[in-house]
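Please have a look at the sequence and the structure, then read on.

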Amino acid sequence: MSETDAADGPPPFDDAFSSDDVEQRIYGTILQTREPTTATAIADSVDCDPKTARKYLGWFDDLGIVTRHDGHPATYERNDAYFEWRRINQLAADQSVEDLQDRVRELTTRITEYEATYDAASPAAVDAVAAAEDSDERTIDDVYSDLGDWATAREERDRYERARQQRTSGEREQASG
């Protein structure tokens, strides 16, 4: 591979944020962090001074992007609720009430079909092994795939419904204001 080919492609995964500024590298690291992590560990990961990492982490804490846990030393973790809120706001901003309603209907239909297929109110109520053994058509992999899709559809429907409600209340406020 020539040097130009390497420059045109994505950065190696080990160094995915090397071309970003420190703030972006810290943000990218936080997005990948799954448990509370010290500012020093984050600084080591992004190759910056711990004081700089603390500054940006404090700012991200103020914005709600991370949650700071007091202790010696303090730790930081990604605030999943912030990203969920952001996703719902984006859906509400990008889609019409009608589009959001249509998506809620589609997802509700899919969920209802899973409920009927598995005779259960939620994927958690299904014994996957028993369901596969009781079926001539579905393997255990098919059942697990259905259960994952069902759970995802429920989460997505909730997101779309919340975005629809947000969009609807925003349009009501504009009409009455």
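**A residue inside the protein**

Ile111 has a relative accessibility of 1%, so Ile111 counts as buried (buried means under 20% relative accessible area, with a 1.4 Å probe and protein chains only). This is a predicted model, in which local features need pLDDT of at least 70 and side-chain atom pairs count only at pLDDT 80 or more, while totals for chains, interfaces and linings use all residues. Residues are numbered from 1 along each chain as its sequence is written, and side-chain values use heavy atoms, leaving out hydrogens and water.

**Around Ile111**

- Ile111 sits in helix 6, which covers residues 97–118 (helices are DSSP runs of H or I with at least four residues, strands runs of E with at least two, numbered from the N terminus).
- Leaving aside residues up to four places away in sequence, Ile111 touches Trp150, Ala153, Arg154 and Arg157 (contact means heavy atoms within 4.5 Å).
- From C-alpha to C-alpha, Ile111 and Thr152 are 9.7 Å apart, although 41 residues separate them in sequence.

**The strand pair**

- Strand 2 (residues 66–69) and strand 3 (residues 75–78) run antiparallel and are joined by four bridges (two strands pair if DSSP finds at least two bridges between them).
- Thr67 stands opposite Glu77 in strand 3.

**The whole protein**

- The protein has eight helices and three strands, in the order α-α-β-α-α-β-β-α-α-α-α along the sequence.
- Of its 177 residues, 31% count as buried.

Key
Buried < 20%, exposed > 50% of the residue type's maximum accessible area, 1.4 Å probe, protein only.
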